[in-house]
Number of protein chains: 2
Amino acid sequence: MKFGGTSVADTERLNRVAARLIERAKSGDDVVAVVSAMGKVTDDLITQAEQITPSPSKRELDMLLSTGEQVTIALLAMAIQQQGYEAISFTGSQVGIVTDAVYSKARIVRIDAACVLTALAQKKIVIVAGFQGRTLDGQITTLGRGGSDTTAVALAAGIKADACEIYSDVDGIYSADPRIVSKARKIDYVSYEEMLEMASSGAGVLAMRSVEFARNFDVVMHCRSSFAPSDQMGTIVTGEDSNMEDAVVSAVTHDTGEAKITIRGVPDRPGVAATVFDILGQNNVNVDMIIQNVSDAGLTDISFTVPEADINSVSSALEIAMKEIGARTWNIDKDIAKVSIVGAGMKTHPGITARMFKTLADKGINIDIISTSPIRVSCIIAADQTEEAVRALHTAFELDLDD
Amino acid sequence: MKFGGTSVADTERLNRVAARLIERAKSGDDVVAVVSAMGKVTDDLITQAEQITPSPSKRELDMLLSTGEQVTIALLAMAIQQQGYEAISFTGSQVGIVTDAVYSKARIVRIDAACVLTALAQKKIVIVAGFQGRTLDGQITTLGRGGSDTTAVALAAGIKADACEIYSDVDGIYSADPRIVSKARKIDYVSYEEMLEMASSGAGVLAMRSVEFARNFDVVMHCRSSFAPSDQMGTIVTGEDSNMEDAVVSAVTHDTGEAKITIRGVPDRPGVAATVFDILGQNNVNVDMIIQNVSDAGLTDISFTVPEADINSVSSALEIAMKEIGARTWNIDKDIAKVSIVGAGMKTHPGITARMFKTLADKGINIDIISTSPIRVSCIIAADQTEEAVRALHTAFELDLDD
């Protein structure tokens with residue numbers, strides 16, 4: 001049972017989470033909780049670091065940020081004990097979440113959850129700090145965005161749990177962001193593949209890495225609300241193709257957290273693009289969509305999108321890349337959005353892409369970059385047209401909830 | 001170089017400490033810093049725990065409190081790096097401060113400082129979290145009161161440092177608390193034995209455990225001011241008998257942090273006192289002074305003093321002890337103080353104790369309990385007479401600074 005920062009934001013909510021864990025344990029289940037830092041704690045720690053230096057060492061930043069979850073696990077264990085049940089907390093280091101040494105976005109390489117199993121056998125509720133781990137030689141790392149979800153899934157795999165329940169302030173996965181589309185519907189079942197495409201294209205409820213982990217280790221994920229009654233069903237993510245409603249498109253997603261980089265005047269010779277993306281990769285930048293324009297007099301333009309959070313890394317990487325390839329200039333455009341349609345049914349229904357383009361064109365929305373997968377089509381558009389695009393697509397693909 | 005919570009209370013002070021560490025490193029010394037939690041951070045964490053439970057599990061409290069120093073070490077390392085010098089931080093766990101499993105007042109059993117020596121060889125300033133360690137099986141512990149001093153001395157011993165400098169907001173050890181005695185004088189040199197007696201009887205600058213550690217491992221301690229210029233000499237604590245001023249009494253100390261427990265109606269048979277103090281010991285209560293009154297009709301009274309911080313443990317221990325020994329009642333008196341005179345010269349000068357009693361008697365101050373060591377005499381008096389007693393003794397033993 002994983003609870004995010006909002007669910008444990010203050011003493012009252014911690015007590016509520018404690019009660020929920022105890023209720024579950026009393027029902028006979030072995031319970032492991034993974035928790036994030038409380039409310040705005042991580043942000044506050046980052047602010048403290050920024051008061052000292054604009055570019056803190058990532059090792060020291062991980063040392064700093066990992067205290068956030070450590071506070072939560074201790075207080076949650078106390079809350080459970082205060083309510084009369086046994087509990088024990090472990091940091092990521094203690095629980096044996098072994099990662100690589102890429103500070104601030106480390107990847108889990110091994111889980112040694114022996115202490116969890118021992119504590120469960122003693123009928124204790126086990127509380128584990130999400131988002132963090134340690135390298136083989138004991139350095140503290142953090143897993144980056146969505147790290148607590150990944151901790152939860154990895155632990156669930158490590159102890160062969162029946163399910164990994166992800167609690168948040170929403171009650172499941174929706175066919176679109178309900179804040180934008182009032183007729184969005186909750187999805188009861190979704191496959192790993194669809195969920196991965198949704199997560200990678202902006203559905204914020206589950207971190208993509210955690211879904212990948214779940215798929216690879218066959219962990220059933222269950223998205224539920226921290227605040228709804230415990231018998232309320234959320235969304236279950238499994239390996240089965242569970243598209244029972246026979247929808248061609250399952251969801252419309254959007255993401256305004258990316259930026260578009262354009263490099264101009266790139267010499268159009270083989271290997272140039274490889275050089276650029278190799279250098280970005282070495283700097284741990286996750287490049288998403290890429291487009292290379294038609295060559296003009298031996299020079300071409302390359303555009304691609306990256307998470308806005310990576311822009312600092314991108315800048316320093318591009319300074320190197322520009323010299324190496326001999327390009328002229330580059331610029332960043334943050335005012336973009338990615339809207340996507342996702343659905344396992346797309347594989348067997350041709351013409352979906354055309355319908356998407358037509359829907360956007362009818363609204364006068366210009367498409368900048370396109371990328372597709374067998375079960376997803378994504379378009380980069382102007383940021384201020386995001387909501388209009390999402391609503392139009394949700395209607396066009398017959399996802400609107402009946403009145 | 002150990003800096004307490006006041007010295008690292010905010011960003012500005014952290015930057016000042018960073019500058020000081022760099023200055024020292026640039027002078028050619030290998031520098032290891034041990035730091036406490038910033039300002040009131042530990043108190044704030046305790047308050048958070050108390051909002052959840054009046055009696056938090058000590059294991060979970062240690063898990064919680066150890067985050068305080070972890071925040072400091074990360075920020076201090078960043079501050080040093082921002083000022084252009086290399087630095088690396090380690091938690092107590094990482095640095096190999098291995099302790100027993102007595103949570104909240106763990107004792108160091110081993111130091112494995114290999115990572116410190118490696119980092120020093122790389123010309124990095126090493127920052128270590130004070131106050132904390134880990135058990136052999138990886139549980140996080142805290143060392144209790146004065147724990148950061150102890151970490152510093154233990155590390156200094158572990159890496160065979162030339163000296164262990166303890167920085168605080170005072171510039172050394174004084175012959176009495178300067179807030180009470182305006183004519184108190186700074187002591188330039190003091191022996192481990194004297195310092196131990198002073199620390200155990202209320203001189204707050206150094207934790208007694210750290211001085212014991214220093215004596216056992218022959219570590220030179222140097223008490224200095226965080227805020228004074230770096231060439232200003234503080235007080236050096238060494239093994240040498242450095243009573244150069246030939247004073248019979250070196251210092252007058254006082255301690256208002258103890259409480260007096262009196263057990264009444266104790267059956268006066270052999271082994272009764274042993275039973276009481278055995279049970280207290282099992283509950284990790286540090287009993288200080290003990291007095292047993294003359295037996296009256298087979299019943300006697302036992303009084304002893306304990307740190308006020310231990311009163312909760314005392315209460316639960318005494319509930320057990322009372323039943324076992326069949327005593328009638330017990331009560332706590334917090335309005336007491338201990339005043340002491342300390343001096344290596346006392347060994348060779350008889351009559352010191354008598355002069356102390358006479359000085360107090362002349363001021364109309366009643367003595368409740370007395371205890372002595374070869375180089376210390378302590379008296380329990382009423383708390384509201386503390387300042388008068390300290391001033392009178394400071395004058396009587398010719399410690400007042402000349403005008």
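Predicted model: local features only at pLDDT ≥ 70, side-chain atom pairs only at ≥ 80, totals over all residues.
Residues are numbered from 1 along each chain as its sequence is written, chains are lettered from A in the order in which they are written, and side-chain values use heavy atoms, with hydrogens and water left out.

The lining of the largest cavity comprises two nonpolar, two polar and three charged residues, where Ala, Val, Leu, Ile, Met, Phe, Trp, Tyr, Cys and Pro count as nonpolar, Asp, Glu, Lys and Arg as charged, and the others, Gly among them, as polar. These lining residues are B:Arg20, B:Asp171, B:Arg224, B:Ser225, B:Ala228, B:Pro229 and B:Gln232. A search of the whole structure returns one cavity of 30 Å³ or more, and the largest cavity holds about 30 Å³ of space. A cavity is here a set of points on a 1 Å grid over the protein atoms alone where a 1.4 Å probe fits but cannot get out, and lining residues have an atom within 4 Å of a point; the volume is the space filled by probe spheres set on the points, which are joined across faces, edges and corners.

Between the two chains, 38 residues of chain A are in contact (heavy atoms within 4.5 Å) with 38 residues of chain B. The buried area, that is, the accessible area (1.4 Å probe) lost on putting the two parts together, summed over both, is about 2900 Å², with 62% of it on carbon and sulfur atoms. In chain A, the residues that lose the most area to chain B are A:Ile52, A:Glu60 and A:Met78, which together account for 23% of what that side buries.

Over all chains, the structure holds 36 salt bridges. One of them joins the side chains of A:Arg24 and A:Glu165 at 2.8 Å, N to O. This pair links distant parts of the chain, with A:Arg24 in helix H1 and A:Glu165 in strand S9 (residues 164–168) of chain A, 141 residues apart; helices (H or I, at least four residues) and strands (E, at least two) are DSSP runs, numbered from the N terminus.

Technical notes:
1 Å grid on protein atoms, 1.4 Å probe; cavity = no way out; pocket = protein on both sides within 12 Å on 5 of 7 lines; lining within 4 Å. Salt bridge = Lys/Arg side-chain N within 4 Å of Asp/Glu carboxyl O.
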